[in-house]
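Reader: Please take a close look at the aromatic side chains here. I would like the geometry, the surroundings and the cut-offs.

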Amino acid sequence: LTLLLREERMYKPSHGGLEPNKKQGVNWPNAKKCEEAISKNKTLLGLESFRILSLLSWLLALATPLAKRSKMCGRLVAVALLFGAIVVSSVADATFGVVERTYVAHDTTRDGHRVVATLYLAQHGGKGALDPAPVAAFGHGFGLGPKLYPLARELTVRRGMTVFLPTDWGMVPSTLNLARDQAFLLQHAVEQSMSNASSPFFGRVLNRTVLMGHSLGGGSTVLAADPNLTGMYAAPNAIATASLGTYTIPDSMKSAPRILSRIPALLLTATQDCVDPPEKNSIPVFSVLPTQCAFVVSVVGGSHCQYANYSLGCEATEFLCGARPNITREQQVHVALRILLPFLDASLGPSAEGALSAPWKDFHDALASAVAGREVELLASRSSSCIGLSLDVHSPRPTGSDALDQGFAPKCQRTVALSSSSQMELGISELRLEEGGFLRTKPSLSVNSLYDNITIVTHLEGQEIAAAHPFPRVLALKMKSRAAVTASREKDNVTCADLHEISLELGLNGLEAEERLAYGVRTK
């Protein structure tokens, strides 16, 4: 841009840089405004946009007649800003620089055990002191290094969080060290922030903590939240996983029911994850978590390995098991962050344990928008204990679905269980699967002192019987028996005939005149 302005003779070289060339009769106030606009927008859009501005300057200089170039300055800045804004729109929240370093600490509760982690620390942005922010400990996948996770780094970039990625192979002889490293680092950072003026964390870390992890690291996250295994450390405020694997030593499925009920959970997965498929990992963990604020969200078109940067071993594994992702790695991380960041804002924010519901509403809106846009599928959810949140988000039904379908499957389960509609007595989550997943997946039941949590499994058929209008759908449903739900009562299971009579009565009561005439004529 400087070269363009020199050629236009708006400025001339001087000892201190450039000064206006008054001999050329250039309107100095306008030139000064142009310079101020450029300087202002350099701060706004940063280096990448300034590079774009320079490139456009040359292109416009070549394409514009010399006599007209003096009018192009303002237009040039505007065009460059527009183009730059488009380029940087995907990282609009990128307000922090990142300092990456290897961090070493010693855990005195484990006889001075040496903990080594990759550390992402927010860099001062020149706008005053950095505000304290939450801290995360992210467990890496088996065979995947801690430096392979843009998902973790973006927590620092977008929210200024302190993020640890401890290094541990995590399998042999045990996953326990990785889990305890995660729990230790959270407590360590909070303590250092409050008491050690020489620490890089001093005054920078809030006592708001989240355990996170991918694949094996997702399983270790579940272990790290188990007070039976990590009771020597403070419990986290939230947990979040990406394509978690339950193949930990010890078994993370045994730890999941012991996680405190006040801890919300977000379990991300992907529709092309055949390495740790959700029906064998995230869904079973979800079904036994005590919390009534838990979500299983699958990124459409994504895969297991695309939650991390490229790794030959991981890519080969998922290729052999049949994964065929149809979105890019960058797209998958972007979609995941659209769900993850509002979840963390809600569960770690100052109002997370208060009466204000706005953060959870923001999460609800982000999730609903992503579901409606078919970027994600909501596989399962419980939301009654999320502050102020009444979640009613489901993966879209096929076109033509009517009001009779809404809530039908949970109502069947409540009828079978002889339960009232109160979620405080019976929490029901509906897991909607395609035919293959439906055939392989069983309904599940977890019981704690406050809730019976049931995950029912449904599969919406109907494309092949569309000619049976006005009844074009069949809903296949797997649920728990009354005996399973009420083990201490008389074993009085509802039969298929009972259910048929109940559903027939309810169905007939909801029919319109045309549908009543069609019943028994065009349908059976």
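Author: Start with a definition: patches are made of residues with over 30% relative accessible area and no salt bridge, with like charges joined within 9 Å and nonpolar side chains (Val, Leu, Ile, Met, Phe, Trp, Tyr) within 5 Å. A salt bridge is a side-chain nitrogen of Lys or Arg within 4 Å of a carboxyl oxygen of Asp or Glu. Accessible areas come from the Shrake-Rupley method with a 1.4 Å probe, and for residues only the protein chains shown count as cover.

This is a predicted model: local features need pLDDT of at least 70, side-chain atom pairs count only at pLDDT 80 or more, and totals for chains, interfaces and linings use all residues. Residues are numbered from 1 along each chain as its sequence is written, and side-chain values use heavy atoms, with hydrogens and water left out.

Now the surface. F142, W169 and Y247 make a nonpolar patch of about 370 Å². Y247 sits in the loop between β8 (238-242) and α8 (252-255). Helices (H or I, at least four residues) and strands (E, at least two) are DSSP runs, numbered from the N terminus. Y247 is partly exposed, at 31% relative accessible area. Buried means under 20%, exposed over 50%, and partly exposed in between (1.4 Å probe, protein chains only). T246 is in the loop between β8 and α8. T246 is buried, at 15%. Its contacts (heavy atoms within 4.5 Å) include D251, K280 and V285, leaving out residues up to four places away in sequence.

Next, the ring pairs. Rings of Phe, Tyr and Trp (its six-membered ring) pair if their centres lie within 6.5 Å; planes under 30 degrees apart count as stacked, over 60 as edge-to-face and the rest as tilted. The structure holds 9 aromatic pairs. Y103 and F164 form a tilted pair, because their centres are 5.9 Å apart and their planes stand at 55 degrees. Y103 lies in strand β3 (residues 97-107) and F164 in strand β6 (residues 162-166), so the pair ties together parts 61 residues apart in sequence. Y103 is buried at 9%. F164 is buried at 0%.

F343 and F363 are edge-to-face, because their centres are 5.8 Å apart and their planes are at 65 degrees. F343 belongs to helix α11 (residues 329-348) and F363 to helix α12 (residues 358-372), 20 residues apart. F343 is buried, at 0% relative accessible area. F363 also counts as buried, at 0%. Ring pairs join F295, F343, W360 and F363 into a cluster.
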